[in-house]
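The sequence and structure are shown first.

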Amino acid sequence: MSLISLALSRGDLVETRNLIADNWTGGLEPRQLAVTDPSDGGLVSNVPDAGAADAKAAVDAAQAAFNAWRGAPARDRAAVLKRWNDVIVAHQDDLGRLISREQGKPLAEGRGEVLYAASYVEWFAEQATRTNGEVIPSPFSNKRILSVREPVGVVAVITPWNFPAAMIARKIAPALAAGCTVVAKPAEDTPLTALALVKLAQEAGVPPGVINIVTASRERAAGVVDVWLADDRVRKISFTGSTPVGKHLARQSASTLKKVSLELGGNAPFIVFADADIDAAVEGLMAAKFRNGGQTCVCPNRVYVHELVHDAFVAKLAARVGALKVGPASDSTSQIGPMINERAVQKIERHVRDAVSQGARIVVGGERIRKPDSPQAAYFSPTVLVDATPSMACSCEETFGPVVAVARFRDESEVVARANATPFGLAAYFYTDSPARIWRVAEALECGIVGINEGVLAAEAAPFGGVKESGYGREGSVHGLDDYQQIKYLCQGGV
Ligand code: NAD
C-alpha cells in the first residue's frame, strides 16, 4: 500500500510485494523495508524485507521455468520483450515519477531514464533472434564441426540505486533474450521501480517463474544473495554496484564456478587539452558530471585542464555550475535533486573538507544545503574545487555527488599517466582538436569507455563496461548477450 500519493495514472504500479513464480507475495517473513523519498525524508511505501527462504523459493521458481523458456522459439521470446518495451514506454510518465520519488532525480531525468531502460529491452528483443551459431571448416574430411549458443541457466541480477530502471532492464532483457530465467534483487533504496517494471513484464506476457524478484534491506541483502551464490542452479551473477561488493561476489561465485559480470565503480578522468573547444568542453563536463546529481558511475571525478586554458575554463565552468538549480525532484525547475541519503551527503562533505585541508580552493558551492521544512533531505550545493592533488580523497575515490575537482597539467604524457594512476578503469573523457592526439590518447587510456569531445556516452547499441577494478563483462551492443550464453561445440563423425 502506498503511504503517500505518487499521483500516478495507474496507482497499482506502486507494487509493494515480491514476485515468486506466479505469486505476488508479502514474503515468507513478516519484516518490512521502508522506502523513503530523499527529497524530504518522507515514507513512500513499505516492501518485503525478504530472507533466505524467499531467495531459495525464487531460485526454485526460476529453475522450474527454465526449460520451457529456453525451448520457446527465439521469435516468441522476442515478441514478449517487444511487448515489455511497449508497455514501459506507454507508462513512461508513471515510471518516471516513481524513479524520481524513490531515487530523487529530477522528473525530466526520471522520464528520460525510462526511455533509456526501454531502449535496452527493445534492443535485446531484436538481438534475441540473431544468436547464430557457426559452421566451422573441418580439418577432417569425415567430420563436421558446428557451434551453437545456449542460455547459461538461472541468472541472479543485483542492481544499485542510481538507475533503478535502466540497471534492471540492462540485465533482465539480455537474460530473457538469451533464454535464461532470472532471480533479481534491486537496491534497498529503490525497489519500487524494479517491482513496477516486473509487473509490466508480467503484463507483457513473461511466463510465471521466468522473472522472480525479492526485495531486502541493506542488512539482509547479503543473506539473500548468499543463498544465490551457494546454489549451483544459479549459473550466472550479473552485478552493478560498488567494487568491494563486486569483489565479494566474484570470490563467493568461485565455489560453484558461476559466470560473473561486474559493472563496478569508476574514477573517470576528464582532460581538456589546450587546443580544445573550451565551450564544448564545459558543455560536455556539465552533461557528464551533473546528470543524476553526479551520482553515476561514468561521472568525471578528476578534471585535468591544460595550464594555458585553465583559468578561462574554470571561469566558464563556475558560472554554469553556480547557476544550477537545486531542489526536490518533483519541482520541474530542479536540475540537481537530493543525494540518495544522508550517508552520501556525509561522504561528499568529507571529500570537500579533505580537499580544502590539503590546499584546494572552493570556487563555487562547497556546502550541504539545509531545507528548514525537511531536515532529513539530503542536498549538496553544486561545487567547483581547484588545485586538486592526487592525494586528496576526491581524486582517489568516487565522490558520487555534484563536485568537480580541477587540476592543472602541462603535457600529454604527464596527464595520461595521471589519468591512468587509479585502480579503476570505467570511463574517461578528453577534449582536443588534434586528430593525431585523439588516437594517441584514446589508445593510451586504461578504461572501457572513452568520450572524445563528447560527454554523454551511454547507448543501447554500444558495449558498456570497464577494465581493472571497474569490473568485466559488457552490457548492450551485439556483445551484450555473450555473458548470458555459453557456446556448445557439436562434432558429427562418419560423414
Ligand atoms: P552497492 O555495492 O552498495 O550495492 C549494490 C547492490 O548490492 C545493492 O542491491 C545492494 O543491496 C547489494 N549488496 C550490498 N552489499 C551486499 C553484499 N554483501 N552481498 C550481496 N549484495 C550486496 O552499490 P550502490 O551504493 O548501490 O551503488 C553505487 C555504486 O555502484 C557506485 O560505486 C557506482 O559507481 C556503481 N555503479 C556502477 C555502474 C557501472 O555500470 N559500472 C553503474 C551504476 C552504479
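The model is predicted.

**Ligand shell**

On this basis, two helices, α7 (218–230) and α8 (243–253), each contribute at least two residues to the shell around the ligand. The largest share, four residues, is supplied by α7. Of the 25 residues around the ligand, those that come nearest are Pro160, Gly241, Glu263, Gly265 and Cys297. In terms of class, the shell comprises eleven nonpolar, nine polar and five charged residues. Because domain 1 (11–264 + 470–489) and domain 2 (269–452) both give residues to this shell, the ligand shell lies between them.

Glu263 is listed by UniProt, in an unreviewed entry, under "active site". This residue lies in strand β11, which covers residues 259–263. A residue counts as buried if 20 or more other C-beta atoms lie within 10 Å of its own; Glu263 has 27 C-beta neighbours inside 10 Å and is therefore buried. When neighbours within four places in sequence are left aside, Glu263 is in contact with Thr240, Gly465, Gly466, Gly471 and Glu475.

**Strand pairing around β10**

Strand β10 (residues 234–240) is largely enclosed by the rest of the structure, because seven of its seven residues are buried. Strand β7 (residues 154–158) is one of its partners, running parallel to β10. Strand β11 also pairs with β10 in the parallel sense. Within these pairings, Val154 has Val234 as its bridge partner in β10, while Thr240 has Glu263 as its bridge partner in β11. The pairings are set out below.

| Strand pair | Sense | Bridges |
|---|---|---|
| β7 and β10 | parallel | five bridges |
| β10 and β11 | parallel | five bridges |

**Domain arrangement**

The domain assignment divides the chain into domain 1 (11–264 + 470–489) and domain 2 (269–452). Taken over C-alpha atoms, the centres of domain 1 and domain 2 are separated by 31 Å. Their contact takes 17 residues from domain 1 and 23 residues from domain 2. On the side of domain 1 that touches domain 2, the elements giving two or more residues are α3 (92–103) and α4 (107–127). That side of domain 1 has four nonpolar, eight polar and five charged residues.

Definitions and conventions: Residues numbered from 1 in each chain as written. Predicted model: local features only at pLDDT ≥ 70, side-chain atom pairs only at ≥ 80, totals over all residues. Near = placed C-beta within 6 Å. Nonpolar A, V, L, I, M, F, W, Y, C, P; charged D, E, K, R; others polar. Domains from an automatic or database assignment. UniProt positions renumbered as here; feature names shortened; annotations may be inferred. Buried ≥ 20, exposed ≤ 12 C-beta atoms within 10 Å, placed from the backbone. Contact = placed C-beta atoms within 7 Å. Pairing = 2+ DSSP bridges.
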